[in-house]
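Okay, everyone, thanks for coming.

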Amino acid sequence: MKRFSLEGRMAIVVGVSAIIGALVFAGVAIWPFPQAMAWLNELSKHPGQPVVAGPPEPVDTRTALIICLLLLVPLSAWMAHVLVEPIRRLIRALESAVASYRDGDYSMSIGTDRMDELGDLIRMHNQLGSILREQRQHLAQRELLLDTVVQNTPVALVLTDGQGKVTYANIAARHLFNEGRALAGLDFSSVLEVMPENLRAAAAAGEDALFTVEMEGSEETFHLSQRGFRLQGRPHRLQLYRRMTRELSRQEVHTWKRVIRVISHELNNSLAPISSLSHSGAELARRGDLARLPGVFASIGDRAKHLHGFISGYASFAKLPTPQAREIAWGPFLDALALHARFRLSALPPEHPGWFDPTQIEQVLINLIKNAHEAGGDEEEVTLGVHLVGRDCLIDVSDRGPGMSETVLAQALLPFYSTKRSGTGLGLALAREISEAHGGRIALSNRDGGGLRVTLVLPAGPH
């Protein structure tokens with residue numbers, strides 16, 4: 001609460017100064033200074049005698065002004081010191097507080113009993129300091145929590161600056177790269193020189209990678225994730241090394257169990273009829289009913305042919321060769337595809353040629369279009385579209401079937417997963433394998449109004 005504002009105090013000081021100046025001038029020019037000077041003058045003329053002061057001599061204005069200045073200047077300097085010194089002390093305290101804030105110390109506060117604008121400013125400053133202290137404490141707790149989480153995560157985290165110097169590394173990274181010793185300040189490329197070749201190659205590639213290295217007498221599989229970003233205006237790179245051996249082993253066992261179940265089911269579906277037909281054929285031969293034997297043998301041949309095709313499908317998945325990508329014109333490629341599968345183009349193909357292995361991508365698209373027809377929607381709504389988006393080429397195969405549930409969408413791309421009773425689970429898995437071999441990916445999504453859209457994302461040109 002303000003009692004006196006600075007403006008009010010200044011008005012009082014100026015008014016008092018004017019009154020004092022007027023009184024001093026009157027004292028020098030009118031009374032008592034002229035009378036005192038006359039008395040001293042008579043005393044000097046008649047020493048030792050009673051003095052009767054004569055009429056005072058008037059003091060000229062110039063002399064009066066000089067005397068006033070001699071009296072008022074020291075008085076003004078003293079009053080200015082009295083008025084300004086508290087303000088100067090407050091300013092020095094504010095400077096010290098600001099310097100403390102600059103150094104990260106928010107514990108300083110300023111005591112004052114002033115009831116003016118400066119007092120209000122100091123109290124607001126103290127409130128600001130209290131808020132900054134609370135925020136600083138909150139941020140420190142969050143930083144401590146984040147550092148604790150990052151330091152104790154099993155993922156090895158390494159942050160390097162633009163020169164390749166390590167600026168941050170957690171405990172897992174220190175144990176992985178430097179036998180538990182600190183990595184901060186070291187050249188990360190020099191640290192990698194003593195690491196296995198696969199790890200060095202994955203780190204130098206600058207992309208996400210899955211690699212296997214031999215450590216402590218056993219093979220360890222790592223997933224490397226790399227991201228570049230700017231921190232405080234400077235380029236940095238974050239590398240995350242995640243151990244995947246145990247997780248991949250679990251997934252491998254789970255996959256083998258699934259494929260064994262699928263193959264066992266298919267073998268039972270084929271071998272049981274073959275066994276039954278063989279027994280029937282033997283019984284017909286024993287009875288001499290040879291006319292029915294060709295039909296039995298034909299049925300056995302059909303089941304054997306189906307089993308052969310089933311096994312061949314798995315063999316083709318296991319023996320998938322490395323894609324031989326080259327420039328392919330979209331027009332002739334889609335015309336050739338239309339001879340093997342029926343679809344409707346949703347948009348004109350781009351003039352820019354694609355970059356892929358035509359044999360493998362053709363097989364993928366044939367499988368996708370076949371699945372779209374088998375989805376149960378209108379066959380005229382099975383569409384295919386090719387679009388260029390930045391450095392990617394998007395191939396969409398869409399239908400108007402029932403689509404997929406969230407559970408099926410999450411598992412549809414897994415090998416040997418199928419929702420069909422007679423399905424092998426290789427169609428979408430093969431599409432995923434081929435797209436990733438090309439450096440791309442595959443995505444599934446339900447369409448508005450019903451149906452499924454399968455998007456094959458391929459690089460638009462060579463890497």
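So, P273 sits in helix 8, residues 245-287; helices here are DSSP runs of H or I with at least four residues, strands are E runs of at least two, and both are numbered from the N terminus. P273 is partly exposed, at 28% relative accessible area; buried is under 20%, exposed is over 50%, and partly exposed is in between, with a 1.4 Å probe and protein chains only. Leaving out residues up to four places away in sequence, P273 touches N268 and R303, where contact means heavy atoms within 4.5 Å. The C-alpha atoms of P273 and S299 are 8.7 Å apart, with the two residues 26 apart along the chain.

Quick housekeeping. This is a predicted model, so local features need pLDDT of at least 70 and side-chain atom pairs count only at pLDDT 80 or more, while totals for chains, interfaces and linings use all residues. Residues are numbered from 1 along each chain as its sequence is written, and side-chain values use heavy atoms, with hydrogens and water left out.

Now helix 7, residues 197-205. Which of its residues are buried? L199, A202 and A203 are. Looking down the axis, the buried residues of helix 7 fall within an arc of 95°, so they line one face; that arc is taken from the directions from the helix axis to the C-beta atoms. A204 and A205, on the other side of helix 7, are exposed. The buried residues pack against helix 5 and helix 6, plus strand 3, strand 4 and strand 5.

Helix 10, residues 330-338, has W330, F333, L334 and L337 as its buried residues. They cover an arc of only 95° around the axis, which puts them on the same side of helix 10. Turned away from that buried side, you find P332 and D335, both exposed. Among the partners that the buried residues of helix 10 pack against are helix 11, strand 9 and strand 10.

E179, in the loop between helix 5 and helix 6, is a residue other than glycine with a positive phi, near 55°. Q232 also has a positive phi near 55° and isn't a glycine; look for Q232 in the loop between strand 4 and strand 5. E179 is exposed at 67% relative accessible area, and Q232 counts as exposed at 78%.

On to the strands. Strand 1, residues 156-161, and strand 2, residues 166-169, pair antiparallel over 3 bridges; two strands count as paired if DSSP finds at least two bridges between them. L159 stands opposite Y168 in strand 2.

There's also an open sheet of 5 strands, in the order 7-9-10-12-11, with mixed pairing. Strand 7 and strand 11 are at the edges with a single partner strand each, so one side of each has no neighbour in the sheet. Strand 9 and strand 10 run antiparallel, joined by 7 bridges, and L388 stands opposite C393 in strand 10.

Last topic: charges. How many salt bridges does the structure hold? The count is 11, where a salt bridge is a side-chain nitrogen of Lys or Arg within 4 Å of a carboxyl oxygen of Asp or Glu.

Take D120 and R123, whose closest N and O atoms are 2.9 Å apart. Being 3 residues apart in helix 4, they're separated by about one helical turn. D120 is partly exposed at 25%, and R123 is partly exposed at 27%.

R344 and E381 form another salt bridge, with the closest N and O atoms 3.7 Å apart. R344 lies in strand 7 and E381 in the loop between helix 11 and strand 9, so this pair ties together parts that are 37 residues apart in sequence. R344 is partly exposed at 38%. E381 is partly exposed too, at 28%.

And there's a network: E85, R88, R89 and R92 are joined by salt bridges that share partners. One of those pairs is E85 with R89, closest N and O atoms 4.0 Å apart. That's me done, so over to you.
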